[in-house]
Amino acid sequence: MTMFDRRTLLAGSAAALALPGAARSATAPAAAAQKTIRAAIDRQLPENIARIQAWIRSPGIAAENYRMEEACAFTMDLIRDAGFQMVKRMPTTGQPGIFATLDAGAKRTVGIYFMYDVKQVNPAEWTSPPFEARIIDKPGWGKAIVGRGAINQKGPEAAFLAALHAFRAAGQKLPVNLVLVAEGEEEIASPHFHEIVQAPEVLAALKKCDGIVIPTAWQSPNGSTTINLGSKGPIEFQLIASGERWGKGPKGDIHSSQHAHVDSPVWHLVQALNTLVKDDGFTPAIDGWFDNVRGLTAREKELIAMTAASQNEAQAKAAMGVKMWINNEPWQQSLERLASQPTVNIQGLVAGYMGPGGKTVLPGRAEAKLECRLVPNQTFREAEAKLKAHLAKRGFGDIEVVVSGGYDPTETAEDARVVRAQQAVYARFGAAATLYPRNAGSWPGSVFTQPPVSLPAGQFGLGHGSGAHAPDEYFVIESSNPAVQGLAGCTAGFVDFLYEMAVAR
């Protein structure tokens, strides 16, 4: 799950704070129940930490088709062990998914989204083996688990499961029923997730839900967090130029001296790439790309202004290692661009020889990996069609376009129950939270928000972690920062969220 962590302050009051590390529910009986549940969370902390470590040590990497069946089975066991009465493997034309239900006899039902796949790793870039799940001291944060999937998303997801274990250990009944859907292809843009969600039995169960969330842990050093009202949609693809397909250039590598009278597939690809953006290097130039793009509403601009006023721009730049934003734009204008603008990004370029010295070859093949981020009202299928038409019109129809995944942008109304429940829980934990129009990253929430499911969907979670898709990814389990929750507080937050979903109007 690709995300830009925007750390912001709450536009509102946190007057209803509970004791530090605890949350106060809306009713006295619920508050008493949560006290016993919190005691169970604290007792179970060692086994909850061990559960995260075990999950990290059981990776599934969809991009490499690495141990996916084992990863699916391991995740199913975790879900079953947490109390779901029905846990079912859901086959797709790609990697399998999971469908699970927990009937608590409650009036309301909440949907939960999990992903069990993780990004690829280069162990040489890590300070500890990426699947060893070591516990380290993280300066400024406390004790943390380091490993691929720690924050994206196994740590937060395991914290949610820990909440269910705590309910059972405390002898307390869940205040809501649960429907859980999981996939193993989130990190390759969810090409088959719709097959799981639209299966008749899954769709029927989801239709009973009041909303759907994916567990997260995005608190910043001052304890603040962001409630995203939507996310951009991705389209991930490869462009492949080859002499054999082009009909020009060599079928394989030849001596570079021949370039005087033999075409280069590499330059052919570079020329094609240059047509995808304007001369500024960032504005998409694909024909018709902005035809359906919806500009920011007045309310969205208002929310962004609130974020700009409360967020530390210098910290944001430092976190990304950048000195300025595009066009050296001021902070608020840059955040408006981040939320509103579609993108065309080159992830990687591969061609020819890159070893020591020169090899003097004219390569017969070149490949680029790209992704686009889409905004309302663009669609994945529209973007794919326009990309292919754009290349063909300019004489690049021979370049192979391999689309590996993607989905539409997602939007949820700020008065949705899942949003109001988040606001209530964050306030009770003293975690200032600002509404933000659109996450610049992506998750397949549109599968839920669009027909036939048509439900509000978002992300929720206390706690902290970082390094998604990067080396030394981590999730804080024992926080040394009083403003930020560790694993126990993260787990307690999910308990409070379920109670809040049961009573929120």
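Helices (H or I, at least four residues) and strands (E, at least two) are DSSP runs, numbered from the N terminus. The model is predicted: local features need pLDDT of at least 70, side-chain atom pairs count only at pLDDT 80 or more, and totals for chains, interfaces and linings use all residues. Residues are numbered from 1 along each chain as its sequence is written, and side-chain values use heavy atoms, with hydrogens and water left out.

**Exercise 1.** State where Asn-65 is placed and whether Asn-65 is buried or exposed.

*Solution.* Step 1: Asn-65 belongs to the loop between α2 (45-56) and α3 (68-81). Step 2: its phi is near 50°, a positive value in a residue other than glycine. Step 3: buried means under 20% relative accessible area, exposed over 50%, partly exposed in between (1.4 Å probe, protein chains only). With a relative accessible area of 55%, Asn-65 is therefore exposed.

**Exercise 2.** Classify the packing of α13 and α15 by angle.

*Solution.* Step 1: helix α13 (residues 417-428) and helix α15 (residues 487-503) pack at about 130°, their axes 9 Å apart. Axes are lines fitted to C-alpha atoms, for helices over the stretch in contact, and angles run from 0 to 180 degrees between N-to-C directions. Step 2: angles under 35 degrees count as roughly parallel, over 145 as roughly antiparallel, 65 to 115 as roughly perpendicular and the rest as oblique. The two helices α13 and α15 are therefore oblique to each other.
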